[in-house]
Amino acid sequence: MAGRAAGLNRAVRHTRLMRELPARRLEASPLPDFCRLPAVFAWFVVGALTVTVMWLAPGQTRGWSGYSVAVLFVSWLALVIAVVLCKSRPWLQRLPGRWPYLGAWLLIMLIVVAASAAVHWLDASLQMPFITASMGAFVRDNAVITALLGAAMLRYFYVLAQWQARLAAVTRAQVGALQARIRPHFLFNSMNTVAALIRVDPAAAERTVEDLCELFRAALGQHDTDNGTLGEELALIERYLAIEQWRLAERLRVVRELDDLPADFPLPRLLLQPLVENAVRHGIQPLRAGGEVVLRGAREGEGVMVEIVNPLPTTPPEPGNGHGLDSVRQRIAYHYGPRARFEAGPRGDQFVVTLHLPGPAA
């Protein structure tokens, strides 16, 4: 039976690995997403700068009309290149090694050569004075310029993609280490609470164990993704507060102003719970009379704002209590990027933590 179970586990792992291989190849592809605005903007900027430098070079006498037509031509070329690279990216990604970049470079060269020949023919047919060179010279010059600039741009995209991949790998490792440090601390406190309740109220301890099971599942469970929803996180917080309510009784008072928050908003698991735990442990527990924890939230366009408020203790805080805040700050930076904001600090006689989380990128 043990051998069969082991074989079954190996088969399941193999099947899962085979299903994940296409996605892993897609993630490992060095090509950037040419459909995104930063890549399209880069083509436009480089093209416009090239035309401007050539126009400012000594001996150029085409004037503003020639400059405007050149900028229009290059902008049109940049748009065509961006669209073609965007549509051909899935095909280019199937190429091995660095061949995707060579394929992209050849596509760019083909587009520029064909567009230059078409524009020269159109200029001659309409008897416009913008292009004075022969078709061969015009196409050749544009091809040489494109070969150099295209190679430089693709090299830039390659270096940027490699840097982003390394940064993502390092950040995932850091986030994993931070979560590993959070979980034992969180579970240790929860088990102490259950142990104390068993002596005082066995029935309450039994109900608390049910809540604790859900907390165990979130803290130790294996998930296909690290993301959950805001509704799931708030439900987890309610279970945690139910456990602490048995321990602290009337000393813990919770005010909830969360009706405006969308329950389906994507949120990393265990992002808010450590903040609420900090508010209880460092804001309520040290006070003999207890205090009030305020959970406040509101929509901000496609994103949300979440605020957690607790009273400041009269005694100095315990050493090392900034670990939870630092871990949440780094996880927010990893998952949401520079659009998110995380603020934490005293405000009068209260300690306020505010999160501004943007909505999913379009």
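Is Thr 354 buried or exposed? At 4% relative accessibility, Thr 354 counts as buried, where buried means under 20% relative accessible area, exposed over 50% and partly exposed in between (1.4 Å probe, protein chains only). The legends below begin with the whole chain and then turn to close-up views.

The model is predicted, so local features need pLDDT of at least 70 and side-chain atom pairs count only at pLDDT 80 or more, while totals for chains, interfaces and linings use all residues. Residues are numbered from 1 along each chain as its sequence is written, and side-chain values use heavy atoms, with hydrogens and water left out.

**Figure 1. The protein chain has 9 helices and 7 strands.** Helices (H or I, at least four residues) and strands (E, at least two) are DSSP runs, numbered from the N terminus. Of the 362 residues of the chain, 39% count as buried. Among contacts with a separation of 6 or more, 73% are between residues 24 or more positions apart; contact means heavy atoms within 4.5 Å. The chain exposes about 21400 Å², and carbon and sulfur atoms supply 62% of this area. Accessible areas come from the Shrake-Rupley method with a 1.4 Å probe, and for residues only the protein chains shown count as cover.

**Figure 2. Thr 354 lies in strand S7, which covers residues 350-357.** The side chain of Thr 354 makes a polar contact with the side chain of Glu 307, at 3.2 Å. A polar contact is a pair of N or O atoms within 3.5 Å; within protein, one must be able to donate a hydrogen and the other to accept it, and residues adjacent in sequence count only if both atoms are side-chain atoms. Leaving aside neighbours within four places in sequence, Thr 354 is in contact with Met 305, Val 306, Glu 307, Arg 341, Phe 342, Glu 343 and Arg 347.

**Figure 3. A disulfide joins Cys 35 to Cys 86.** The structure holds 1 disulfide, a disulfide being a pair of cysteine sulfur atoms within 2.5 Å. The S to S distance between Cys 35 and Cys 86 is 1.6 Å. The pair links distant parts of the chain, 51 residues apart: Cys 35 is in the loop between helix H1 (2-28) and helix H2 (37-56), and Cys 86 is in helix H3 (residues 63-92). The disulfide is right-handed because the torsion about its S-S bond is about 90°. Cys 35 is partly exposed, with a relative accessible area of 40%, whereas Cys 86 counts as buried at 18%.

**Figure 4. UniProt lists residues 34-58, 64-87, 99-122 and 142-161 as "transmembrane region" in an unreviewed entry.** UniProt positions are given in the numbering used here, feature names are shortened, and annotations may be inferred rather than shown by experiment. The span 64-87 is 100% helix and 0% strand, with its end C-alpha atoms 35 Å apart. The span 142-161 is also 100% helix and 0% strand, and its end C-alpha atoms lie 27 Å apart. Asn 142 is found in helix H5 (residues 135-200) and is buried, with a relative accessible area of 16%. Beyond neighbours within four places in sequence, Asn 142 is in contact with Phe 73, Val 112 and Ser 116.

**Figure 5. Helix H4 covers residues 99-125.** H4 has 27 residues and reaches 39 Å from its first C-alpha to its last, close to the 39 Å expected at 1.5 Å a residue. The expected span of a helix is 1.5 Å times one less than its number of residues. The buried residues of H4 include Val 112, Ala 115 and Ser 116. Just after H4, Gln 127 takes a positive phi of about 55°.

**Figure 6. Helix H8 (residues 273-284) is mostly covered.** In H8, 12 of its 12 residues are buried, among them Gln 273, Glu 277 and Arg 281. H8 reaches 15 Å from its first C-alpha to its last, close to the 16 Å expected. In the loop between S3 and H8 lies Leu 270, which has a positive phi of about 55° although it is not a glycine. Leu 270 is buried, with a relative accessible area of 10%.

**Figure 7. Leu 261 lies in the loop between strand S2 (252-257) and strand S3 (266-268).** Leu 261 is buried, with a relative accessible area of 10%. Not counting residues up to four places away in sequence, Leu 261 touches Leu 230, Leu 234, Gly 297, Ala 298, Val 304, Met 305 and Val 306.
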